[in-house]
Amino acid sequence: MSSSSAPSVRGGRLALLVVGLCWFAVLFDGLDMFIYGSVLPHMLETKALGITPDQAGDLGSYATFGMLVGALAAGTVADRIGRKKLMVACVTLFSLASGICALSGSVAVFGLGRTLAGVGLGGLLPTAISQVSDYARGGRGALTIGALMTAHHAGGILSAYVAKWLVEPAGWRAAFWVCVVPLLYVPVLVKAMPESLSFLVAKGRDAEARELAARYEVELPARKATGAAPADRFGALLNLFRGGEWLQTLLYWLASFGGLLLVYGVATWLPTLMRGEGYNLGSALTFVVLFNLGGIVGMLIAGRASDRFGAPRVSAIWFALTAAGVFLLSVRMPLGVTFLVVFLTGVFLNSAQTMIYATVSIRSTPDSRATAVGWTSGMGRFGAVFGPWLGGQLLAAGNGDWGFTAFALAGVSSMVFIGIAALRSSRRPEQTGTGQRLVTTG
């Protein structure tokens, strides 16, 4: 290869193109994910579709269950059809599903729309992360993924403003119609998004790979050995339970369960619970903005903190601070203090789960790392399903003031589980930057 700077410049432009396209796709992902929580207070107050608090919790869980399905299927589907096609399919699916929600005349149809949206939302994020990882320039993978993840929280901020500006004058359906707008972005992805070079090479589509690499003057990735056979993958899973590893594995899974219960429980119920604490709708939606601003800041500092102090230690401390912040939200405080607490809670909550994955990755051997992280994430998704349901049950039983306490206890449990797992672990393979590379809350 030439030693001139031209290939590096062109490669940088390709990376910027891919990251930019994926950033907007993830922005729409965040908008669709958070819009339900943003419009929920209005839907409950106006009894839209005859919705009750316990049904509202169920509907929140439908979306997260769909995300579980989408996330688990994403890798297999992307390996078959390619990352570009899967991203296009996911954006199309959650956009059309929002149209179903906007047109729905019953809770059942609305629930179907949220479930289908969840499948698209769950499939998009890991695919986008894989796509930008392929094109990230050397030594900047962590920074690239961190920048991508800010889009998810930017979407959460956008959802609050969509609800604030549209719901009162136009009704809750208008907010879901806005979530159909990403359909207009699909042709942009089809035309401008390059397919993953790794995928093209792995599939033997060498002519396409060479043409793409030549166009942007980048190197072709080396052809990797074929993936492990199913029996080998099953063996890697069994390795997580052999000897004394079974307890370590369960501790990681339990920590992930509590972490994602907290993330999605708070994301769904924050505006409604703050309304229950006596704040008006405008203030409740401002909390969503501050919470997601905190998430953006947290994503940018989590990797640095874990690199300096150790991912397990920071993960435990982050969860402790998250639990304290969530519990404080149940206490009536001056508005400015409440704003600060919400912001700081967003900083810690939205990056605490990331450091569980970082801890698992650091503590795992290279041959079991992908399996360990994948299953820790998958088990955590059950917490993502349970969190919105739990909030709805508490509200339906007239115990809405216990919602923040219940979510705070989930944070304490994750702190305990990840702390015990870290203390028990005797394997500490060196893996510089691992904590930063897994920048995802899901």
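Helices are DSSP runs of H or I with at least four residues, numbered from the N terminus. The structure is a predicted model, in which local features need pLDDT of at least 70 and side-chain atom pairs count only at pLDDT 80 or more, while totals for chains, interfaces and linings use all residues. Residues are numbered from 1 along each chain as its sequence is written, and side-chain values use heavy atoms, without hydrogens and water.

Threonine 345 is located in helix α14 (residues 335-363). This residue is buried, at a relative accessible area of 3%, where buried denotes under 20% relative accessible area with a 1.4 Å probe and protein chains only. The side chain of threonine 345 reaches the backbone oxygen of valine 341 at 2.7 Å.

Helix α16 (residues 403-424) comprises 22 residues and spans 32 Å from its first C-alpha to its last, close to the expected 32 Å; the expected span is 1.5 Å times one less than the number of residues. Among the buried residues of α16 are Phe404, Phe407, Ile418 and Ala422.

The axes of helix α11 (residues 245-276) and α16 come within 8 Å and cross at roughly 155°, axes being lines fitted to C-alpha atoms over the stretch in contact and angles running from 0 to 180 degrees between N-to-C directions. Helix α11 is therefore roughly antiparallel to α16, a term applied to angles over 145 degrees.

Helix α3 (residues 83-103) packs against helix α4 (residues 107-135) at an angle of about 155°, with axes 8 Å apart. Helices α3 and α4 are therefore also roughly antiparallel to each other.

Conventions:
Helices (H or I, at least four residues) and strands (E, at least two) are DSSP runs, numbered from the N terminus. Angles under 35 degrees count as roughly parallel, over 145 as roughly antiparallel, 65 to 115 as roughly perpendicular and the rest as oblique. Buried means under 20% relative accessible area, exposed over 50%, partly exposed in between (1.4 Å probe, protein chains only). A polar contact is a pair of N or O atoms within 3.5 Å; within protein, one must be able to donate a hydrogen and the other to accept it, and residues adjacent in sequence count only if both atoms are side-chain atoms.
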